[in-house]
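We will go from stop to stop, picking residues as we go.

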Amino acid sequence: MVGSIFAFAVKFPQVYTYFLFAGMALAGVTVSFFRIITKYIGNTTIDEGFIIGTHVFFFMATAYQLLCIYTYYLIKKLPLTIYSVELFAHAQHKNMLQEL
């Protein structure tokens, strides 16, 4: 999964790779935040609190994943993305012709 993200980010100018790393760091912080919330919710000595905390964690993780998928498709439709992908494809095609 991470390899495909880097393969997609290579098509943009170099400054945008910094945003990729910032996004990965934000994802780690978000997961930790979700875990803190579920620890607080499930902070009982009975097993029922543990089960509720687990269900809340997976619900929040699923919702976050769906949000990421939705924003990925929105990003692919942005004019900057379309321009960068076309420019990268043109450069790749030009390099292939030069190698022949």
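Start by selecting L20, T30, F34 and T38, the buried residues of α2; buried here means under 20% relative accessible area, exposed over 50%, and partly exposed in between, with a 1.4 Å probe and protein chains only. Helices such as this one are DSSP runs of H or I with at least four residues, numbered from the N terminus.

A word on what you are looking at: this is a predicted model, where local features need pLDDT of at least 70, side-chain atom pairs count only at pLDDT 80 or more, and totals for chains, interfaces and linings use all residues. Residues are numbered from 1 along each chain as its sequence is written, and side-chain values use heavy atoms, with hydrogens and water left out.

**The nonpolar patch.** Next, show the surface and pick V15, Y16, Y18, F19, L80, Y83 and L87, which make a nonpolar patch of about 750 Å². Patch residues have over 30% relative accessible area and no salt bridge, and nonpolar side chains (Val, Leu, Ile, Met, Phe, Trp, Tyr) are joined within 5 Å. A salt bridge is a side-chain nitrogen of Lys or Arg within 4 Å of a carboxyl oxygen of Asp or Glu. Which helix gives the largest share of the patch? That is α2, with four residues, while α4 (79-99) also supplies at least two.

Zoom in on two members. F19, in α2, is exposed at 56% relative accessible area, and its C-alpha lies 9.5 Å from that of A9, ten residues away in sequence. L80, in α4, is partly exposed at 39%.

**The largest pocket.** Now turn to the largest pocket, with a volume of about 1300 Å³. Of its 30 lining residues, select I5, L20, G23, Y72 and I75, the closest to its centre. Elements giving two or more residues to the lining are α1 (2-9), α2, α3 (47-76) and α4. A pocket is an open set of points on a 1 Å grid where a 1.4 Å probe fits, with protein on both sides within 12 Å along at least five of seven lines; lining residues have an atom within 4 Å of a point.

**Two last picks.** Select F58 in α3, which is exposed at 52%; its C-alpha is 9.7 Å from that of T38, 20 residues apart along the chain. Finish on T17 in α2, partly exposed at 22%, with 21 Å between its C-alpha and that of Q65.

Notes. Patch = residues over 30% accessible without salt bridge, like charges linked within 9 Å, V, L, I, M, F, W, Y side chains within 5 Å. Areas by Shrake-Rupley, 256 points an atom, 1.4 Å probe, with all protein chains shown as cover. Points joined across faces, edges and corners; volume = space filled by probe spheres on them.
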